[in-house]
Amino acid sequence: MEKETDSFIEALTRFVEQTLAQESDPIYSQKAIRIADARNHIFHLVEPAQTDEAEDTYTLADLCRLDEDSMQAVPNRGRMLRIARNYWKE
């Protein structure tokens, strides 16, 4: 299960990084990411949306943290690990 969890986190991190590259201000973005299929790493960008864990939808801001060195939004791997635990119990 750890391999599946790591693979999911890596895929979600890449998707968030790609989305961040297209956003001028991710903290105030109205975009969210819906996890359509965690096992197959299928994610959809939805807009406008709010975080709704029951619907597997997370705002871009909720999936990011502020990197203090660069002062840029970066994927929050800790948050992604907590999301992954919803799918794979360790």
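In β5, the residue facing Asp67 is Gln72. Keep in mind that this is a predicted model.

Q: What places Asp67 in a strand, and which strand is that?
A: Asp67 belongs to β4, which covers residues 64-67.

Q: What makes β4 and β5 a pair?
A: Two strands pair if there are at least two bridges between them. β4 and β5 are joined by 4 bridges and run antiparallel, so by that rule they count as paired. Cys64 has Pro75 in β5 as its bridge partner.

Q: What lies between the strands of the β4 and β5 hairpin, and which residue takes a positive phi there?
A: There are 4 residues between the strands, and Met71 takes a positive phi near 60°.

Q: Which residues is Asp67 in contact with, leaving aside neighbours within four places in sequence?
A: Asp67 is in contact with Gln72 and Val74.

**The salt bridges**

Q: How many salt bridges does the structure hold?
A: The structure holds 3 salt bridges.

Q: Why is the pair of Arg77 and Glu10 called a salt bridge?
A: The closest N and O atoms of Arg77 and Glu10 are 2.6 Å apart, and the limit is 4 Å, so the pair qualifies. It links distant parts of the chain, with Arg77 in helix α2 and Glu10 in helix α1, 67 residues apart.

Q: Why are Arg77 and Glu10 called partly exposed?
A: Partly exposed is the class between under 20% (buried) and over 50% (exposed). Arg77 has a relative accessible area of 39%, so it is partly exposed. Glu10 has 35%, so it is partly exposed as well.

Q: What makes Lys31 and Glu23 a salt bridge, and how far apart are the closest N and O atoms?
A: The closest N and O atoms are 2.8 Å apart, so this pair also meets the 4 Å limit. Lys31 and Glu23 are both buried.

Q: What does the salt bridge between Glu53 and Arg79 tie together?
A: The N to O distance of Glu53 and Arg79 is 3.5 Å. Glu53 lies in the loop between β2 and β3 and Arg79 in helix α2, so parts 26 residues apart in sequence are tied together.

Q: How do you know whether Glu53 and Arg79 are buried or partly exposed?
A: Glu53 has 46% relative accessibility, so it counts as partly exposed. Arg79 has 16%, so it counts as buried.

Q: Which residues is Arg79 in contact with, leaving aside neighbours within four places in sequence?
A: Arg79 is in contact with Thr51, Glu53, Tyr58, Asp62 and Leu63.

Q: How do you know that the span of α1 agrees with its number of residues?
A: At 1.5 Å a residue, the 21 residues of α1 should span 30 Å; the end C-alpha atoms are 31 Å apart, so the two agree.

Q: Which residues of α1 are buried, and what covers them?
A: Among them are Phe8, Ile9, Leu12, Phe15, Val16 and Leu20. The cover includes β1, β2, β4, β5 and α2. Helix α1 (residues 2-22) lies across β1 and β2, at about 30° to β2.

Q: What is the strand order of the open sheet, and what makes β2 and β3 its edge strands?
A: The order of the 3 strands is β2-β1-β3, with antiparallel pairing. β2 (42-46) and β3 (57-59) are edge strands because each pairs on one side only. Neighbouring strands of this sheet are turned by 25° against each other on average, direction ignored.

Q: How many bridges join β1 and β3, and in which sense do they pair?
A: β1 (residues 32-37) and β3 pair in the antiparallel sense over 3 bridges. Here Arg34 stands opposite Thr57 in β3.

Notes: Residues are numbered from 1 along each chain as its sequence is written. This is a predicted model: local features need pLDDT of at least 70, side-chain atom pairs count only at pLDDT 80 or more; totals for chains, interfaces and linings use all residues. Side-chain values use heavy atoms; hydrogens and water are left out. Helices (H or I, at least four residues) and strands (E, at least two) are DSSP runs, numbered from the N terminus. Axes are lines fitted to C-alpha atoms, for helices over the stretch in contact, and angles run from 0 to 180 degrees between N-to-C directions. Contact means heavy atoms within 4.5 Å. The expected span of a helix is 1.5 Å times one less than its number of residues. Buried means under 20% relative accessible area, exposed over 50%, partly exposed in between (1.4 Å probe, protein chains only). A salt bridge is a side-chain nitrogen of Lys or Arg within 4 Å of a carboxyl oxygen of Asp or Glu.
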